[in-house]
Amino acid sequence: NQLTHGEKTIHQFNKKRERLIQEKNTQIDHHQEKIIVLQTKLEQVTLDIESKQTALAEIEDQLRVLEQSGKEALQAVQSTQQQWTSVKARHDALVQLQHQLENNEALTRWITHNQLDQLPRLWQHIEIKAGWENALESILQTHLNAVLVNRLEVALDWTDPAPGPYEIIEEFLNNESKENNALSIDFISDVAESSFPKSESLCSLVKFTHRSIEKIVTQWLHGIFTIDDIETGLRSRHELAPTEQFVTAQGHLISHHSLFYYAPHAQFHGVLQRQRAIVQIKELIDQHHQTFLDTNEVYSEIEKNNERCKQSRALLQHELTQAKQTKHDLSLELVKLSEFTQRIHYRNQQIDEELIDISTQLSAETIQRQETESNLTMHRAELEDLDSQIAQLNESVVSAEKILITHRQLVQQLSNQWRDTVV
């Protein structure tokens, strides 16, 4: 019974070991490769996140710089625009003032009715050296506001004569002009009328935009020479020809026999200075306008870069959010697989421990069985000896019984013989 029990126990241990080994074989971690792949992807995503965070920080820095540059550029644009607007307003005011020289409402209506208000005036096409405007005004006076026309015969088309002083000059501007309403040509008269080494003709101080205008004005300025002051003119007047005159910067005229003190004409005074200012301001307007265009272009480029940076930032933020979500998903999956792997590892450790325990118990049971089998063999030998002894004893008993029976029979016979003898 003990041997049978031991074999049964060994059989149970073997079955349990087989079951544990089979369980361990089924617990092989098939996710280890996937874990390695996930770890690799997680490292790549982490590096990608760090790269995007660095790029995002750089874009944020760029945006701060661009925003500051944009503010400065916008201030420059607004400042330039204000300067441009201010200068243009001053220019427009001067131009308006220049075109309001006529103080006769009837004349103004007549000019507008005959479409003469857009024609150029003489003062728009001449310029004199600074400081000598009064001198030229003193000589030309109302000629300065003369209107330039192609042909004098246009006057025949007017239904009514001008209701006030009005002068036109025949000038073929369409054929000879290079740039209307602008004193862009530094043409200086080459007339050499003066016989005074220390004097120069007033005409030599004048610039013209058209050669034919120069011819007309030169006729009006013929014989007019500049002089520093009245005293000098009076000392030198005897050297003048009868048709010649000196003129001072203030416009005073000195001839051989007369002295004329000039008083600026209220209507036309300052027209040449204003025209010079208009030309200079026009150049300043062009400069401010170009500066405005340049600064506005810089501002627009900064705004475009700013918008591109904002779009890049939004895209990076979106990609960064996706990358972080991907990292979270990978981490979660990796944790799940790691926990599963840990459970497998822990169970395998338990199985190993149970297998070791079973091996120990099997060894003990095997040793015990071997001892039992050895004892059984020994007992069997002893039993065989006992059986042999019993057999021998049985044989002895049988022999003894036979002898006993023989003796009993002999005793019976003897007893019977004795009875018979007694009887």
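**A first walk through the model**

Okay, let's start with how the chain folds back on itself: of the contacts in the protein between residues at least 6 apart in sequence, 72% join residues at least 24 apart. Keep in mind that what you see is a predicted model.

The protein has eight helices and nine strands. There are 423 residues, and buried ones make up 32% of them. As for the surface, the protein exposes about 27,400 Å², with carbon and sulfur atoms supplying 52% of that.

Let's zoom in on one residue, Val 87. You'll find Val 87 in helix α2, which covers residues 32–98. Is Val 87 buried or exposed? Well, its relative accessible area is 13%, and the cut-off for buried is under 20%, so Val 87 counts as buried. And which residues does Val 87 touch, if we skip those up to four places away in sequence? The answer is Ile 281, Leu 284, Ile 285 and His 288. Take Leu 284 from that group: Leu 284 and Val 87 are 197 residues apart along the chain, yet their C-alpha atoms are separated by 7.5 Å.

Next up, a pair of helices. In general, two packed helices are described by the angle between their axes and the distance between the axes. Here, I'd like you to look at α4 and helix α8, the latter made of residues 271–422. Their axes come within 8 Å and cross at roughly 125 degrees. That angle makes α4 oblique to α8. So who is meeting whom? On the α4 side we have Glu 133, Leu 136 and Glu 137, and they meet Val 271, Leu 272, Gln 273 and Arg 276 in α8. Sorted by class, this contact has three nonpolar, one polar and three charged residues.

Last stop, backbone angles. As a rule, most residues other than glycine have a negative phi. Where is Gln 115? Gln 115 sits in the loop between α3 (105–113) and β1 (126–128). How much of each is accessible? Gln 115 is exposed, at a relative accessible area of 66%, while Gln 141 is partly exposed, at 37%.

That's my tour, thanks.

Terms used:
Residues numbered from 1 in each chain as written. Predicted model: local features only at pLDDT ≥ 70, side-chain atom pairs only at ≥ 80, totals over all residues. Heavy atoms only, no water. Helix = DSSP H or I, 4+ residues; strand = E, 2+ residues; numbered from the N terminus. Buried < 20%, exposed > 50% of the residue type's maximum accessible area, 1.4 Å probe, protein only. Contact = heavy atoms within 4.5 Å. Areas by Shrake-Rupley, 256 points an atom, 1.4 Å probe, with all protein chains shown as cover. Axes fitted to C-alpha atoms, helices over the stretch in contact; angles between N-to-C directions. Parallel < 35°, antiparallel > 145°, perpendicular 65-115°, else oblique. Nonpolar A, V, L, I, M, F, W, Y, C, P; charged D, E, K, R; others polar.
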